[in-house]
Amino acid sequence: MEILGKVKVLGETEVVGSAGTFKKRTLVVSTEEQYVQHIPIDFVQDKCDLLNSYAVGDGVKVSINVRGNEYNGKYYVSLNGWKIEKTNVEAPSY
């Protein structure tokens, strides 16, 4: 699955978990639809480094996997990025 848009937020790499070995970095992409969507995408472990050459405002195409899990009877969805490319997207300005 792919998301096309413009980088709105480019988070710093976070180390999470009690062992301190899990890395995560969040990218928020704004789509270019009639009703703009701001979609948070997580890059984890070695994929965090893929974001180093990107900046806020860049047009991007992000390849993602949709993940879901259950915790205490509630269901959660996350989007995990595994590839990112620069594009010439004309997404809305902020």
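Where is the place of D49? D49 sits in the loop between strand 4 and strand 5.

## Model and conventions

This is a predicted model, in which local features need pLDDT of at least 70, side-chain atom pairs count only at pLDDT 80 or more, and totals for chains, interfaces and linings use all residues. Residues are numbered from 1 along each chain as its sequence is written, and side-chain values use heavy atoms, with hydrogens and water left out.

## Overall build

The protein has six strands and zero helices. Both kinds of element are DSSP runs, numbered from the N terminus: helices are H or I with at least four residues, strands are E with at least two. From the N terminus on, the order is β-β-β-β-β-β. Along the principal axes, the C-alpha atoms fill a box of roughly 40 × 30 × 20 Å.

The protein has 94 residues, and 33% of them are buried. Buried means under 20% relative accessible area, exposed means over 50%, and partly exposed lies in between (1.4 Å probe, protein chains only). The protein exposes about 6,200 Å². Carbon and sulfur atoms supply 49% of that area. Accessible areas come from the Shrake-Rupley method with a 1.4 Å probe; for residues, only the protein chains shown count as cover.

Contacts, meaning heavy atoms within 4.5 Å, reach across the chain. Take those between residues at least 6 apart in sequence: 53% of them join residues at least 24 apart.

## Salt bridges

How many salt bridges does the rule give? The count comes to two. The rule asks for a side-chain nitrogen of Lys or Arg within 4 Å of a carboxyl oxygen of Asp or Glu.

K86 counts as exposed because its relative accessibility is 52%. D58 counts as buried because its relative accessible area is 19%.

K83 and E85 form a salt bridge through their side chains, at 3.3 Å from N to O. K83 is partly exposed, with a relative accessible area of 37%. E85 is partly exposed too, with 28%.

Aromatic pairs number zero in the structure. Such a pair needs rings of Phe, Tyr or Trp (its six-membered ring) with centres within 6.5 Å; planes under 30 degrees apart count as stacked, over 60 as edge-to-face and the rest as tilted.

## K61 in strand 5

K61 lies in strand 5. At 24% relative accessibility, K61 is partly exposed. Leaving out residues up to four places away in sequence, K61 touches E2, I3, L4, K83, I84, E85 and T87. The C-alpha atoms of K61 and K83 are 8.3 Å apart, across 22 residues of chain.

## Loop residues

D49 is partly exposed, at 47% relative accessibility. Its C-alpha atom is separated by 8.8 Å from that of T13, 36 residues apart along the chain.

Most residues other than glycine have a negative phi. Q45 has a positive phi of about 50 degrees and is not a glycine. Q45 is in the loop between strand 4 and strand 5, and is partly exposed at 32% relative accessibility.

N72 is not a glycine either, and its phi is positive, near 55 degrees. N72 is placed in the loop between strand 5 and strand 6. N72 counts as exposed because its relative accessible area is 66%.

## A nonpolar surface patch

Which residues form a nonpolar patch on the surface? M1, V66 and V77 do, with about 340 Å² of accessible area together. Patches are made of residues with over 30% relative accessible area and no salt bridge: like charges are joined within 9 Å, nonpolar side chains (Val, Leu, Ile, Met, Phe, Trp, Tyr) within 5 Å.

M1 is in the segment before strand 1 (2-10). At 65% relative accessibility, M1 is exposed.
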